[in-house]
Amino acid sequence: MIYSPRSITTFIITGMALMFAASASAQLPPPGDENASVFRAQKHYSPYAGRNFPTNVYWGDTHVHTGMSMDAGAFGARLGPKDAYRFARGEEVTSSTGLQVKLSRPLDFLVVADHSDNMGFFPKLLEGDPTYLADPTGKRWYEMIQKGGQDAVQVAVEVITNFTSGTFPEALASVPGTEAYRSAWEETIEAAEEFNDPGSFTAFIGYEWTSTTKGFNLHRVVVYRDDATKASMMEPYTTIAPIGSDNPVDLWKWLQSYEDKTGGDILAIGHNGNLSNGIMFPRVDSFTNKRVTKDYVETRARWEPLYEATQIKGDGETHPFLSPDDEFADYETWDQGNLDLSDLKTDDMLEFEYARSALGVGLQLEKRLGTNPYKFGMIGSTDTHTGLAAIEENSFFGKHSGSEPSAKRFEHPMAKVGDLEYAGWSMTASGFAGVWATENTREAIFDAMMRKETYATTGPRMLVRFFGGWEFTAADAQGRLPANMGYAKGVPMGGDLPPRTGDGAPTFLVAALKDSLSGNLDRIQVVKVWLDGKDYQEKVYDVVWAGDRQPGADGKLPPVGNTVDVANARWTNTIGAPELISAWTDPDFDPAQSASYYARVLEIPTPRWTAYESEFYQVKMPDEVPMTTQERAYTSPIWYTPAN
């Protein structure tokens with residue numbers, strides 16, 4: 001049985017395929033007025049005829065680096081963009097360390113997002129380009145790479161440190177306007193064009209703008225809706241002055257100039273705020289030391305519809321310091337410092353690094369300036385530097401080629417600077433982006449990203465629906481087509497609640513279906529962040545769960561249990577539920593308070609990648625190494641704004 005607090009009816013659906021399909025008798029209310037005529041209502045006897053709104057979720061990774069990136073190449077990546085696409089669409093490939101690797105299921109889309117700074121530098125260094133060998137540093141790096149092992153790793157460390165400190169040798173820089181840079185960008189575009197197969201597999205053109213001044217990570221992945229004709233008209237934007245900048249404000253100007261010049265469409269995805277040391281979601285702009293302006297918030301909201309809430313370098317939903325009442329807040333937490341550990345973390349930085357607190361800061365800025373710059377949708381992606389979007393717990397290929405599977409990789413730091421390090425076992429097997437789109441094409445998936453009908457998972461491909469409105473009832477959770485009711489009576493994840501009708505509270509319809517290859521579901525929660533005067537508050541509500549558990553006196557739901565056999569890296573789906581669905585009403589609604597709501601779906605505990613590694617190589621992990629995980633998904637929020 002499934003229980004829910006208050007008097008909301010909940011329901012486990014026994015069939016597994018139709019729950020997430022939508023009926024053509026429903027209209028998809030678009031998140032914005034600009035899309036008001038995109039999805040028109042139709043009426044058919046068959047609930048599947050003439051469907052003109054998203055009925056499929058497409059799985060992808062928007063953040064994969066290959067040997068074209070200077071750091072990935074230095075760490076040993078020898079796979080190129082074409083290899084990355086081959087792997088993502090389901091082919092078995094040989095990794096840079098000689099291991100055979102294949103996904104359990106193909107992905108639907110991929111963005112090869114090599115760093116725009118020094119794009120193509122490493123392939124030239126590796127081949128011994130005479131220009132590079134003429135420079136003393138270039139020659140030394142080349143000779144160390146030929147030795148391999150720790151010498152090659154040291155090159156990677158030096159490359160990254162020189163770049164983040166602004167001391168990268170000018171003679172070795174691959175910058176826009178040079179032959180090396182142009183050829184690297186052309187190779188990137190060519191690979192995406194070759195592997196893009198509309199309807200079957202989408203290969204996006206993209207790159208990563210890599211602002212890392214003083215080691216503070218403000219990276220953005222840039223994704224094109226366009227093909228080679230437009231994407232080749234302008235080379236990517238870099239952080240190297242004077243032709244580039246490390247300020248995201250200047251990146252947004254470049255994005256505008258691209259669209260003005262080409263007539264194309266482009267977006268940026270912020271990521272990895274947990275290594276920004278408090279400057280990813282500012283109230284005070286770190287570049288001007290002044291409060292962010294109206295122009296700042298409007299421009300950021302225009303160009304950054306999505307945020308990468310989980311990836312290999314830690315989970316970015318929330319932090320236990322920020323969410324002390326949330327027993328699931330301390331998940332794969334990375335909070336030591338900035339990217340190169342040159343500046344260690346302090347508690348005052350955390351508020352401006354995590355997705356949940358950013359939602360609150362955004363509401364505050366909206367009240368002051370009229371626009372919420374942090375009104376983003378959630379996605380996950382890997383940030384892998386191996387060319388392989390391989391983050392399944394039992395097939396995890398790590399952050400870079402130096403951390404691909406081996407008997408002792410858990411002992412070797414993922415990164416080490418001086419006496420400080422990110423432990424090898426601390427890498428997170430995460431994440432993927434789920435996108436509800438009308439078809440598997442660049443245009444449809446890009447448009448879904450823009451309207452934020454997306455969600456993040458830490459790896460499992462669970463199907464999640466989340467709708468908000470004013471009229472959902474218990475009966476809406478009792479049919480086989482929740483999306484039918486969802487689109488007919490409300491807005492999907494990423495949308496704004498329509499104007500309030502009557503004096504009721506907002507209602508939400510939420511449903512989740514387990515990944516057939518992963519654990520059963522523990523529970524679905526709704527996380528609310530709202531503006532209370534000048535401050536923002538947060539609360540996590542258990543909405544629907546598996547089993548006959550009841551909340552305790554403290555209001556907390558007991559744990560679902562744990563069937564993990566760590567020694568053998570196995571678990572049983574004898575607890576949890578395959579599907580969960582519920583209609584839920586906000587019991588604490590105040591119509592005068594702005595709010596955002598998102599769903600968090602939790603699986604039962606399953607083996608972490610370290611458990612699989614321990615069993616495969618027959619090694620004993622240190623006591624501090626976590627051996628189980630509780631995988632999860634985060635939907636894009638739905639927003640409520642009081643009437644003027």
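Tutor: N372 sits in the loop between helix 11 (355-369) and strand 14 (377-380), where helices (H or I, at least four residues) and strands (E, at least two) are DSSP runs numbered from the N terminus. The model is predicted, so local features need pLDDT of at least 70 and side-chain atom pairs pLDDT 80 or more, while totals for chains, interfaces and linings use all residues. Residues are numbered from 1 along each chain as its sequence is written, and side-chain values use heavy atoms, with hydrogens and water left out.

Student: Is N372 buried or exposed?
Tutor: The scale calls a residue buried under 20% relative accessible area, exposed over 50%, and partly exposed in between (1.4 Å probe, protein chains only). N372 counts as buried because its relative accessibility is 4%.

Student: Which residues does N372 touch?
Tutor: Contact means heavy atoms within 4.5 Å. Not counting residues up to four places away in sequence, N372 touches A301, G362, L363, E366 and W639. A polar atom of the N372 side chain also lies 2.8 Å from the backbone nitrogen of Y374, and one lies 3.5 Å from the backbone nitrogen of K375.

Student: How many salt bridges does a search of the whole structure find?
Tutor: Side chains of opposite charge can pair when their charged atoms come close. A salt bridge is a side-chain nitrogen of Lys or Arg within 4 Å of a carboxyl oxygen of Asp or Glu, and the search finds 42 of them. In one of these, R409 pairs with E613, the closest N and O atoms being 2.6 Å apart. This pair links distant parts of the chain, with R409 in the loop between strand 16 (395-396) and strand 17 and E613 in helix 14 (residues 609-617), 204 residues apart. R409 is buried, at 4% relative accessibility, and E613 is buried too, at 6%.

Student: What does the salt bridge of R302 with E259 look like?
Tutor: The closest N and O atoms of R302 and E259 are 2.8 Å apart. Because R302 lies in helix 10 (residues 294-303) and E259 in helix 9, the pair ties together parts that are 43 residues apart in sequence. R302 is partly exposed at 33% relative accessibility, whereas E259 is buried, with a relative accessible area of 14%.

Student: Where should I look for backbone exceptions?
Tutor: Most residues other than glycine have a negative phi, and most peptide bonds are trans. Here a cis peptide bond joins A241 and P242, with omega about 5°, and another cis peptide bond joins S430 and G431, with omega about 0°. Phi is positive at N289, near 60°, and at K452, near 70°. N289 counts as exposed at 66% relative accessibility, whereas K452 is buried at 14%.

Student: Which residues lie nearest the centre of the largest pocket?
Tutor: On a 1 Å grid over the protein atoms alone, with a 1.4 Å probe, a pocket is an open set of points with protein on both sides within 12 Å along at least five of seven lines, and lining residues have an atom within 4 Å of a point. F75, H400, M414, A415 and K416 lie nearest the centre, among 39 lining residues. Helix 6 gives the most to this lining, with 9 residues.

Terms used
A polar contact is a pair of N or O atoms within 3.5 Å; within protein, one must be able to donate a hydrogen and the other to accept it, and residues adjacent in sequence count only if both atoms are side-chain atoms.
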